[in-house]
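Subject: Structure handover

Hi,

Here is the structure I promised to pass on to you. Please have a look at it first, and then read on for what turned up.

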Amino acid sequence: ELRDHGFEVFNLPMIETRRLSDLSQLRKNLAEIERFDHVFLTSRASAGVLADELTPELLSKLPPVYVLGDKAREILEKQGATVKYRESANTVNELLDMIGESTFAGTSILFIRGEMSMRVCQRQRRHRGGGGRHAGRILQ
């Protein structure tokens with residue numbers, strides 16, 4: 001939108017994201033994926049980690065995956081995952097509002113997050129009366 005108004009926009013990545021060497025907690029949760037009704041992630045990096053763990057067997061059991069961001073959606077769809085996505089959502093709150101609180105009522109959600117995650121998804125779910133478990137840190 002800034003470009004549409006005559007502004008020059010520069011993309012200057014200032015943060016490097018690296019995977020943790022120990023993904024055992026994520027792998028444990030993925031081995032028990034039937035316990036979850038949904039998977040929720042909000043970054044391209046976490047989508048990449050999940051995509052690398054996907055096998056045909058896991059894909060056949062994987063519940064809907066909710067993503068924030070077009071790149072995360074592309075990564076997971078390319079691997080064959082069923083992705084729930086809203087193009088106009090720019091924040092976790094917007095995505096949750098668009099999907100609707102009733103979608104998650106009484107369900108179990110696997111949150112896949114980075115070490116520095118602010119845990120916005122989990123806080124919003126608790127604030128809205130829901131719960132969820134996270135896969136532990138997968139990025140640093």
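This is a predicted model: local features need pLDDT of at least 70, side-chain atom pairs count only at pLDDT 80 or more; totals for chains, interfaces and linings use all residues.

Of its 140 residues, 39% count as buried.

The protein has 6 helices and 5 strands, and from the N terminus on they follow the order α-β-α-α-β-α-β-α-β-α-β. Among contacts with a separation of 6 or more, 65% are between residues 24 or more positions apart.

As general background, nonpolar side chains in soluble globular proteins tend to be buried together.

Leaving aside neighbours within four places in sequence, L41 is in contact with S46, A47, L50, V65, Y66, V67, L68, A72, L76 and I112.

Which residues of α1 are buried? They include L26, N29 and L30. These residues are on the same side of α1, because they cover an arc of only 100° around the axis. E53 itself is in helix α2 (residues 44–53). Is E53 buried or exposed? With a relative accessibility of 18%, E53 counts as buried, because the cut-off is under 20%.

On to the charged side chains, where the count comes to 6 salt bridges. Two of them share R73 in helix α4. D70 pairs with R73, with the closest N and O atoms 2.5 Å apart, and the side chains of E77 and R73 meet at 2.7 Å, N to O. Along α4, D70 and R73 are 3 residues apart, while E77 and R73 are 4 residues apart, and each spacing is about one helical turn. An α-helix has 3.6 residues a turn, so residues three or four places apart point the same way. R73 is buried, at 19% relative accessible area, whereas D70 is partly exposed at 31% and E77 is partly exposed at 38%.

Elsewhere, R35 forms a salt bridge with E32, and their closest N and O atoms are 2.2 Å apart. Both residues are partly exposed: R35 has a relative accessible area of 44%, and E32 has 26%. There is also a network of salt bridges that links E34, E57 and K61.

Finally, back to the surface. L2, F7 and V9 form a nonpolar patch there, with about 290 Å² of accessible area together. L2 lies in the segment before α1 (24–31) and is exposed, with 52% relative accessible area.

Happy browsing, and do write back with any thoughts.

Best wishes

Methods
Residues are numbered from 1 along each chain as its sequence is written. Side-chain values use heavy atoms; hydrogens and water are left out. Patches are made of residues with over 30% relative accessible area and no salt bridge: like charges are joined within 9 Å, nonpolar side chains (Val, Leu, Ile, Met, Phe, Trp, Tyr) within 5 Å. Accessible areas come from the Shrake-Rupley method with a 1.4 Å probe; for residues, only the protein chains shown count as cover. A salt bridge is a side-chain nitrogen of Lys or Arg within 4 Å of a carboxyl oxygen of Asp or Glu. Helices (H or I, at least four residues) and strands (E, at least two) are DSSP runs, numbered from the N terminus. Buried means under 20% relative accessible area, exposed over 50%, partly exposed in between (1.4 Å probe, protein chains only). Contact means heavy atoms within 4.5 Å. The arc is that of the directions from the helix axis to the C-beta atoms.
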